[in-house]
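Hi,

Here is the structure I said I would pass on. Have a look at it first, and my notes follow below.

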Amino acid sequence: MIAVIGAGVSGLSCAWWLREQGLSARVFESSGDVGGKVRTLSAGMLCEAGPNTLLADEALLRWFSRLGLTPLWPAPGCGQRHVLLRGEYCRLPGGPLALLAGDFLTWPAKRRLLSGLLRHGGPQAGQASLAAFCRERFGAEVLERLLDPLVSGIFAGDPEELLLAETLPALAVAAQQPGPLWRALLRTHRRSGRRRVCTLDGGLQSLPRRLAQDLQVRLDSPVLELARAGGAWRLRTAAGWERFDRVVLALPADRAAVLLQPLAPKPAALCLRVPYAPVAVASTLVRASALARPLPGFGGLHPGSEAALALGHLMSSNLYPHVCRPGERLLTSFIGGRRQAGLMALDDEALLALLNRELERLFGLRERPLAQRLTRWPTALPQGTAVQGELRAAFAPWAERGLHLCVNWLDGASLPDCLEKGRRLALSIASRDGPALRRRR
């Protein structure tokens with residue numbers, strides 16, 4: 001029997017694929033629901049309090065079909081994205097040619113971008129921060145207008161802090177290849193295959209809830225202690241001690257540290273060094289007529305230089321009209337992040353008042369919202385820094401002893417990343433230890 005501690009999407013994916021390999025797994029979850037930060041709320045509107053969309057490749061779509069889940073695609077014409085520059089939204093060009101042909105960048109910045117794409121890679125490129133890599137190769141304007149808002153929107157992070165190799169590993173690998181960067185990026189793009197933005201019928205939380213239907217999941221069952229017992233493992237919950245052959249930790253870094261401290265103090269100390277970005281997710285429902293200047297398409301991202309309240313605003317009802325009633329609009333705003341963590345000290349009323357002023361300034365909001373929901377995540381998104389490399393080295397010996405990590409603070413925090421790492425770990429355990437574990441059942 002394998003214990004999976006944590007019923008977020010990483011842990012549930014791992015447990016589900018272990019079951020597919022004929023191995024028994026039991027999932028322990030401290031809260032009363034599954035999904036972790038994947039949370040769908042419905043009260044007059046269907047809103048996501050965590051991830052709002054996912055990028056699905058063909059393999060993931062086949063898995064959804066097998067699970068009986070229905071992907072929903074964005075409404076036609078919603079591919080437009082915008083960036084806030086000097087207080088006004090500018091349309092983000094839809095591809096390299098549009099970027100070079102349009103006026104989003106100045107001509108000196110376009111020349112610098114082309115020069116950077118033609119330059120050959122170097123073996124140390126992945127060890128630079130995102131900002132240092134972009135500034136040195138493409139210039140300050142590309143950093144401010146392109147990379148900075150994308151980093152804010154995806155990672156809620158500071159490009160000066162984030163490590164290229166840990167945050168955008170495909171770009172880091174391409175930047176270290178011989179030959180011009182554009183050629184390596186093209187190869188990477190072709191290998192990755194087609195991926196499409198979607199949500200799921202019923203919201204994204206329908207995925208972890210569907211996985212849990214096939215599994216042994218114990219809700220409201222925090223693991224209080226973890227111990228090594230000969231060649232096996234013991235863990236304690238409020239119900240007492242239980243014995244397991246293998247353990248998979250699928251917890252946030254700080255909670256993993258608490259369990260590991262008596263057993264593995266060095267890895268535990270490294271877990272506590274993993275930086276997180278706090279984020280508050282606000283869902284705002286308004287009458288369509290209340291927005292004088294609604295943004296077309298996907299939404300808008302905000303560079304740090306704009307000093308905006310939100311990291312960006314997603315036009316949720318543009319993408320998925322079913323999330324609210326006809327004649328209404330739903331906006332999702334992301335507030336805080338690594339560079340504005342102090343905003344989390346404000347109470348809900350003050351934070352929403354600031355948000356509504358920004359919606360008035362940017363979108364011409366001219367009446368009170370019909371409804372607003374605010375969800376706070378103090379440890380929303382782990383930040384990829386040098387500590388991740390230290391963590392991999394520190395945990396390698398423990399995998400040999402049957403203690404595995406399946407976490408969003410190593411090797412990608414996106415929803416598809418977490419689902420895939422759960423699958424990979426399950427197949428690895430089954431390949432290495434499957435026969436022995438099946439004999440013990």
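Let me start with the tryptophans: Trp16, Trp17 and Trp63 make up one aromatic cluster. Keep in mind as you read that this is a predicted model.

**Aromatic rings**

The structure has seven aromatic pairs. In one of them, the ring centres of Trp16 and Trp17 lie 5.0 Å apart with the planes at 80°, so this pair is edge-to-face. The cut-off for that label is an angle over 60 degrees. Trp16 has a relative accessibility of 3% and so counts as buried. Trp17 is buried too, with a relative accessible area of 14%.

Another pair is Phe28 with Phe244: the centres are 5.8 Å apart and the planes stand at 90°, so it is edge-to-face. This one links distant parts of the chain, since Phe28 belongs to strand 2 (residues 25–28) and Phe244 to strand 13 (residues 240–244), 216 residues apart. Both Phe28 and Phe244 are buried.

Phe28 also turns up in the surroundings of Thr237. Leaving out residues up to four places away in sequence, Thr237 touches Phe28, Ser221, Pro222, Val223 and Leu224. Thr237 itself is in strand 12 (residues 232–237), and with a relative accessibility of 6% it counts as buried.

**Charges over rings**

The charged end of Lys110 sits over the Trp107 ring, 4.1 Å from the ring's centre. Likewise, the charged end of Arg196 sits over the ring of Trp73, 4.1 Å from its centre.

**Helix packing**

Two packed helices are described by the angle and the distance between their axes, so here are those values for two pairs.

Helix 5 (residues 130–138) and helix 6 (residues 140–155) have axes that come within 10 Å and cross at roughly 155°. That makes helix 5 roughly antiparallel to helix 6, the cut-off being over 145 degrees. The crossing of helix 5 and helix 6 is right-handed. On the helix 5 side, the contacts come from Leu130, Ala131, Cys134, Arg135 and Phe138, and these meet Val142, Leu143, Leu147 and Val151 in helix 6.

Which residues does Cys134 touch, not counting those up to four places away in sequence? They are Gly139, Val142, Leu143 and Leu147. Cys134 lies in helix 5 and is buried, with a relative accessible area of 4%.

**A covered helix**

Last, take a look at helix 10 (residues 206–213), which is mostly covered, with six of its eight residues buried. Those buried in helix 10 are Ser206, Leu207, Pro208, Arg210, Leu211 and Ala212.

Cheers

Technical notes: Residues are numbered from 1 along each chain as its sequence is written. This is a predicted model: local features need pLDDT of at least 70, side-chain atom pairs count only at pLDDT 80 or more; totals for chains, interfaces and linings use all residues. Side-chain values use heavy atoms; hydrogens and water are left out. Rings of Phe, Tyr and Trp (its six-membered ring) pair if their centres lie within 6.5 Å; planes under 30 degrees apart count as stacked, over 60 as edge-to-face and the rest as tilted. Buried means under 20% relative accessible area, exposed over 50%, partly exposed in between (1.4 Å probe, protein chains only). Helices (H or I, at least four residues) and strands (E, at least two) are DSSP runs, numbered from the N terminus. A charge sits over a ring if NZ of Lys or CZ of Arg is within 6 Å of the ring centre and within 35 degrees of the ring normal. Axes are lines fitted to C-alpha atoms, for helices over the stretch in contact, and angles run from 0 to 180 degrees between N-to-C directions. Angles under 35 degrees count as roughly parallel, over 145 as roughly antiparallel, 65 to 115 as roughly perpendicular and the rest as oblique. A crossing is left-handed if the near helix is turned anticlockwise from the far one by less than a right angle, and right-handed if clockwise. Contact means heavy atoms within 4.5 Å.
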